[in-house]
Amino acid sequence: SSIHSIQELYSDYINSEPYAFLHAGAMSNTILKEKLNGVNAISIGIDLLKDLTLVKNNNLNIDVFDLDEKAVDLSNSLSHEFQISESLKYFHQNVLSKEFKLNKDYDLCILSQMDYIFTDNEIESLLMKISNANIKYILILTPAIYSFGSISTLKMSIHKTVDLISIFLY
């Protein structure tokens, strides 16, 4: 990788994906507002800027699962180089496979732009796995909504998308 510092990473993102700062900032602010700093979180899909921002700004411990083995290896290497590898770990695993199991407890699940990656049926399957894992909070960011809530209060959301997610969970 040609990136060797957090500053270089930020500069690269500003040039290639400036909207990523909006996404990372919205998630970080929501976690702070909901008093979830310092919790264990699971995140699906690699976005190094988002992951790094949430570790640095919110003191989260994040395990990120992704299908791209090269991206996982590169992200783990950068996490180690940035000296945050104890708080930010990447795993090459298919979260939709029947064999996928969470090996530790998580308080928060972060789903960022899943509608670009998964089909509706795959999102439903993923949400069922989250519900079965007893993860208390879910942070969802899509191009259509920015919403957050306790799993038990999602039914009360004014957003149709979140209401549908709640239906999948019960």
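Modeller: Because the model is predicted, local features need pLDDT of at least 70 and side-chain atom pairs count only at pLDDT 80 or more, while totals for chains, interfaces and linings use all residues. Residues are numbered from 1 along each chain as its sequence is written, and side-chain values use heavy atoms, leaving out hydrogens and water.

Biologist: Why is the pair of Phe-65 and Phe-91 called stacked?

Modeller: Rings of Phe, Tyr and Trp (its six-membered ring) pair if their centres lie within 6.5 Å; planes under 30 degrees apart count as stacked, over 60 as edge-to-face and the rest as tilted. The centres of Phe-65 and Phe-91 are 5.2 Å apart with planes at 25°, so this pair is stacked.

Biologist: What makes the pair of Phe-65 and Phe-100 edge-to-face?

Modeller: Their planes stand at 85° and their centres are 5.1 Å apart. Phe-65, Phe-91 and Phe-100 form one aromatic cluster.

Biologist: How do you know whether Phe-65 is buried or exposed?

Modeller: Buried means under 20% relative accessible area, exposed over 50%, and partly exposed in between (1.4 Å probe, protein chains only). Phe-65, at 6%, therefore counts as buried, whereas Phe-91, at 30%, is partly exposed.

Biologist: Why are α1 and α3 called oblique to each other?

Modeller: Angles under 35 degrees count as roughly parallel, over 145 as roughly antiparallel, 65 to 115 as roughly perpendicular and the rest as oblique. The axes of helix α1 (residues 6–16) and helix α3 (residues 48–58) cross at roughly 135°; α1 and α3 are therefore oblique.

Note on methods. Axes fitted to C-alpha atoms, helices over the stretch in contact; angles between N-to-C directions. Helix = DSSP H or I, 4+ residues; strand = E, 2+ residues; numbered from the N terminus.
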